[in-house]
Amino acid sequence: MELVEDGVVYQDDPGTSAVMSERVSGLANSIYREFERLIGKYDEDVVKELMPLVVAVLENLDSVFAENQEHEVELELLKEDNEQLITQYEREKALRKHAEEVIVSAHLYRAEQHVAESEQEKKDLQNHMSCMESHSRQLELKIKNYADQIG
């Protein structure tokens, strides 16, 4: 682990290096200053065993912090997807409701047409029946007149 202007550079494997996040870098700087103070006050043997452990903890903290940031980004994307899906669901629901209303309206219109046709047929039959009754009365009168003339 070595300090640089922008943060702390650490190496997992020889030949690969990465820069820690600002948050972890700040902690590493504070710990580094405290180690320097302890080394200055006592000597290097005081922190010799502790230094690799602290470096490992800081590296793990940095990787967990990076994973957390990735999860937060993924969560935001999922929230946006969820909002889009909800919007699409609401739109589909409204379209379906409208389609159902159109179908119901069409059925009601056909039913009203059948009722109107039935009422018209009923009126036509009643008129026809009235004509037939009138014609029947006329024929009865003629029969009666003929019977009177014969008798």
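Glu-34 and Arg-37 join their side chains in a salt bridge, at 2.4 Å from N to O. The two residues are 3 apart in helix 1, so about one helical turn separates them. This is a predicted model. By the rule used, the count of salt bridges comes to 5. The protein has 151 residues, with 3 helices and 3 strands.

**Salt bridges**

- Side chains of opposite charge can pair when their charged atoms come close.
- In the pair from helix 1, Glu-34 is partly exposed, at 35% relative accessible area.
- A salt bridge links the side chains of Lys-79 and Glu-76, with an N to O distance of 3.9 Å.
- That distance still counts, because the cut-off is within 4 Å.
- Both Lys-79 and Glu-76 belong to helix 3, where 3 residues, about one turn of the helix, lie between their positions.
- Lys-79 is partly exposed, with a relative accessible area of 43%.
- Glu-76 is partly exposed too, at 43% relative accessibility.
- Arg-96 and Glu-100 form a salt bridge through their side chains, at 3.3 Å from N to O.
- These two are 4 residues apart in helix 3, so the separation is again about one helical turn.
- Arg-96 counts as exposed, at 60% relative accessibility.
- Glu-100 counts as partly exposed, at 41%.

**Packing of helix 1 and helix 3**

- Two packed helices are described by the angle between their axes and the distance between the axes.
- Here the axes of helix 1 and helix 3 come within 10 Å.
- They cross at roughly 170°.
- An angle over 145 degrees counts as roughly antiparallel, and helix 1 and helix 3 are therefore roughly antiparallel to each other.
- On the helix 1 side, the residues that meet helix 3 are Arg-23, Val-24, Leu-27, Ala-28, Ile-31 and Phe-35.
- On the helix 3 side, the residues are Leu-50, Met-51, Val-54, Leu-58, Leu-61, Asp-62 and Phe-65.

**Nonpolar core**

- In soluble globular proteins, nonpolar side chains tend to be buried together.
- The largest nonpolar core in this model has 7 residues.
- Its members are Val-24, Ala-28, Phe-35, Leu-38, Val-47, Val-54 and Leu-58.
- Helix 1 (22–41) and helix 3 (50–150) are the elements that give two or more residues to this core.
- Helix 1 gives the most, with 4 residues.
- Val-47 is in contact with Phe-35, Leu-38 and Ile-39, leaving aside its neighbours within four places in sequence.

**Overall picture**

- From the N terminus on, the elements run β-β-β-α-α-α.
- Of the 151 residues, 13% count as buried.
- The accessible surface comes to about 13000 Å².
- Carbon and sulfur atoms hold 55% of that surface.
- Among contacts with a separation of 6 or more, 45% are between residues 24 or more positions apart.

Note on methods. Residues numbered from 1 in each chain as written. Predicted model: local features only at pLDDT ≥ 70, side-chain atom pairs only at ≥ 80, totals over all residues. Heavy atoms only, no water. Buried < 20%, exposed > 50% of the residue type's maximum accessible area, 1.4 Å probe, protein only. Contact = heavy atoms within 4.5 Å. Areas by Shrake-Rupley, 256 points an atom, 1.4 Å probe, with all protein chains shown as cover. Core = buried A, V, L, I, M, F, W, Y, C linked by side-chain atoms within 4.5 Å. Axes fitted to C-alpha atoms, helices over the stretch in contact; angles between N-to-C directions. Parallel < 35°, antiparallel > 145°, perpendicular 65-115°, else oblique.
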